[in-house]
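Me: I should like to learn how to read a structural model. Could we work through one together, feature by feature?

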Amino acid sequence: NKDLHEIVDEVLATGKPVEKDIIVFVGADKLFLQTRAVPLADEHDRPIGVLVVLNDMTRLHKLENLRRDFVANVSHELKTPVTSIQGYVETLLDGALDNPEDARRFLEIVARQTARLDAIIDDLLMLSRIELKTEHQDISLAQVKVLEVLTGAVQTCQSRATEKNIRVEIACDPALAGLLNPNLIEQAVINLLTNAITYSPENTVIAVSASEHGHTGSKNRLVISVKDHGIGIERDQLERLFERFYRTDKARSSAQGGTGLGLSIVKHIAIAHKGSVTVQSEPGQGSTFSLVLPQ
Ligand code: ADP
């Protein structure tokens, strides 16, 4: 490696320590190495070589990039409604206030964008609270009736479903109990249901179901699924759905009041339960999202 040779040459020439970050390619992978080189001497202080210590910073570097992308995304997502609010308020102040019809329309847009800002901030706060609790293993789990949790979530989403004449069916044994945090799981099901309603046409059916599956050699799993007959998702998008702010169709999601954070909240709620979330989808046919929770 040319950089490494240069570092060694410099230490040999100057007799002084050198510190540098270098990038080494290993196949298709890039390694970020924090490199420290110091001169080595024998007992008579004669130079006999160079000691080089390499610290692999690749993982930290990736985390730092993730953090930077996240901050850039948040800023962009917050900036969009703020710019719109600013624009309409200025137009109002510049005279549109005198025309009651325009004034009303513009104020309605301002109200909508303010609600959007509020939704993004709420979702971000919820994400960070769940992450913090997961980190400190501070999630309280209890044996609760799953049907009660599902019914609570369906009730919360009922008016949205009714608006589109969508029927939400629940299939769950009333006796089924699960080890879970009811508030968080209700929130996760609300997010999945909200999406199912948003991305389904009118007059369709959404099925919410729960059942426990035994696994030889490991814990039983409680599986909670939300199945819709909506627009579905292309295969190449499936992997990215759970990323923060990822949407397959930005304009459609924003128009429906989506923040792009709903599914990453679901994912973090699953992780808080040491579980996972999976998706199966067929474009034009519908999607099934499942929470898999070890018991
Ligand atoms: P949003 O607030 O945009 O709904 P989510 O994180 O909840 O954000 O979902 C991310 C994206 O995944 C959505 O923008 C949409 O493209 C896609 N998606 C989620 N649920 C469904 C679904 N049931 N059917 C089709 N697409 C979906």
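Reply: Among the elements of the protein, strand β5 (residues 167–171) has the highest mean pLDDT (98) and helix α7 (residues 250–255) the lowest (74). Here pLDDT is the predictor's confidence in each residue, from 0 to 100; helices (H or I, at least four residues) and strands (E, at least two) are DSSP runs, numbered from the N terminus. This is a predicted model, in which local features need pLDDT of at least 70 and side-chain atom pairs count only at pLDDT 80 or more, while totals for chains, interfaces and linings use all residues. Residues are numbered from 1 along each chain as its sequence is written, and side-chain values use heavy atoms, with hydrogens and water left out.

Me: What is the mean pLDDT of the protein?

Reply: Where pLDDT is low, the predicted coordinates should not be read in detail. In this model the mean is 93, and 100% of the residues reach 70 or more.

Me: Which residues have the most contacts inside the largest nonpolar core?

Reply: In soluble globular proteins, nonpolar side chains tend to be buried together. A nonpolar core is a set of buried Ala, Val, Leu, Ile, Met, Phe, Trp, Tyr and Cys residues joined through side-chain atoms within 4.5 Å; buried means under 20% relative accessible area (1.4 Å probe, protein chains only). The largest core here has 53 residues, and Val-189, Leu-193 and Ile-224 have the most contacts inside it. Its contributors of at least two residues each include α3 (100–135), α5 (182–198) and β8 (221–227). The largest share, nine residues, comes from α5. Apart from this core lies another, of seven residues, including Ile-7 and Val-18.

Me: Beyond its neighbours within four places in sequence, which residues is Val-189 in contact with?

Reply: Contact means heavy atoms within 4.5 Å. Val-189 touches Leu-150, Ala-153, Val-208, Ile-224, Val-226 and Leu-291 in this sense.

Me: Why is α8 largely enclosed by the rest of the structure?

Reply: Nine of the eleven residues of α8 are buried, so this helix is largely enclosed. Its buried residues, among them Leu-263, Ile-265 and His-268, pack against α3, α5, β9 and β10. After α8 comes Lys-274, whose phi is positive, near 60°.

Notes
Buried means under 20% relative accessible area, exposed over 50%, partly exposed in between (1.4 Å probe, protein chains only).
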